[in-house]
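Reader: I would like to learn how to read the main features of this model. Please take me through them one by one.

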Amino acid sequence: MEPLTSVPSQIVESVNPSLIPSRTLASGAKMPAIGLGTFGSDNASHDAVAEAVRYAASLGYRHFDCASVYGNEDRIGRVFRQLLGSGLRREELWITSKLWNDKHGEDDVIPSCEKSLADLQVDYLDLYLVHWPFPNHHPPGCDVTARSPHALPYIHEHYMRTWRKMEELVDRGLTRHIGTSNMTIPKMDLVLRDARIRPVVNEMELHPHFQQPDFFRYLIARGIQPVGYSPLGSPARPERDRTPEDTSPTEDSVICRIAHRLDLHPAVVCIKWAVQRGQIPIPFSTNPRNLLNNLRATVSAPLTADDMKAIEKVDHNCRLIKGHVFLWKENQLWEDLWDVNGVVTPA
Ligand SMILES: NC(=O)c1ccc[n+]([C@@H]2O[C@H](COP(=O)([O-])OP(=O)(O)OC[C@H]3O[C@@H](n4cnc5c(N)ncnc54)[C@H](OP(=O)(O)O)[C@@H]3O)[C@@H](O)[C@H]2O)c1
């Protein structure tokens, strides 16, 4: 395993995990209010991500956002085994994994979860998510114009067949909770109508430039915890995920002004805002200083009410992870994936 880039000597602090805030889910379970993202994009190797998990745990992180498609669950599993073999109890960790899009088939859900469990070297997950509501496979790292010839739109009956198997995972004790990711209000309406076991969490893009206020309020009102991915605006996302209209929350003048006043990095202000607003951010980092600063953001002095109001105003509906590769027909706009007309986009 590659070592992390040398740890600066002044970084000797950690955060007592019992001080890190948590969110109480509809089940009564407590989920740490910050997690470590583990998607290395095209930049961080699988071993570098695993080493970041090990170092993050030593700093006090207890929540890890994994997924089979990130390709590194086996490396991260070795770290979990070491941690659990050296005194950490399984119930002190919160481990999330996700079902990838080519595994929505009824016969694929349980084996996929079992594979993640084997790779992560644990007996159960705390949370298993359906990664995207589309069963459309594309090769990792493919170009934004790539499309599966078998691509399909969201078909609720298909999704519910997958969801029944997700429910079975809970019944069998393979995961404590199930949840959704990359959903919209109209899709969620249907799932909540038909689910036997409700999603406890929806994972979604959330940062100051993309606050999704209506969906956020919708979820909170229904007791579903929003988990915010790309909470810093994913500054190192691959070129294929960039468009000229994209903006960066860590370069926002309001956020930079608050950061300057508090002598913090703008990224840390984004994390403070996220935690105070009530979502669970899952920032990715392999940098020791950033890992520590992001964790400390959850236990240090909060932003003022005025800061929170000022950040609320910088939202401009700037979705960064648009999902082009999931489009199912020619000449479609990526907005079709997100049901912008308030109904599930028809086939
Ligand atoms: N459910 C989904 O469909 C989905 C989609 C996308 C992402 N995710 C999850 O969300 C996680 C996070 O999203 P993301 O990786 O796209 O983006 P992100 O967390 O918004 O940004 C990560 C980047 O920010 C930098 N960074 C982190 N902390 C920093 C700090 N304190 N100061 C300055 N720079 C800092 C990191 O660089 P350094 O390494 O140098 O710190 C890294 O390049 C992923 O890893 C994944 O687990 C889920």
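Reader: Which helix gives the largest share of the shell around the ligand?

Author: The largest share comes from α9, with 3 residues; helices here are DSSP runs of H or I of at least four residues, strands are runs of E of at least two, and both are numbered from the N terminus. This is a predicted model, in which local features need pLDDT of at least 70 and side-chain atom pairs count only at pLDDT 80 or more, while totals for chains, interfaces and linings use all residues. Residues are numbered from 1 along each chain as its sequence is written. Both α8 and α9 (288–296) supply at least two residues each to the shell.

Reader: Which residues come nearest to the ligand?

Author: G37, S234, A236, F284 and S285, out of the 30 residues around the ligand. A residue is near a molecule or strand if its C-beta atom, placed from the backbone, lies within 6 Å of it. By class, the shell holds 12 nonpolar, 15 polar and 3 charged residues (Ala, Val, Leu, Ile, Met, Phe, Trp, Tyr, Cys and Pro count as nonpolar, Asp, Glu, Lys and Arg as charged, the others, Gly among them, as polar).

Reader: At what angle do the axes of α7 and α8 cross?

Author: Two packed helices are described by the angle between their axes and the distance between the axes. The axes of α7 (residues 253–262) and α8 (residues 266–277) cross at roughly 100° and come within 8 Å; axes are lines fitted to C-alpha atoms, for helices over the stretch in contact, with angles from 0 to 180 degrees between N-to-C directions. The two helices are therefore roughly perpendicular (65 to 115 degrees; under 35 is roughly parallel, over 145 roughly antiparallel, the rest oblique). I255, C256, I258 and A259 of α7 meet P266, V269 and C270 of α8, contact meaning C-beta atoms, placed from the backbone, within 7 Å. This contact has 7 nonpolar residues, no polar and no charged.

Definitions and conventions
Contact = placed C-beta atoms within 7 Å.
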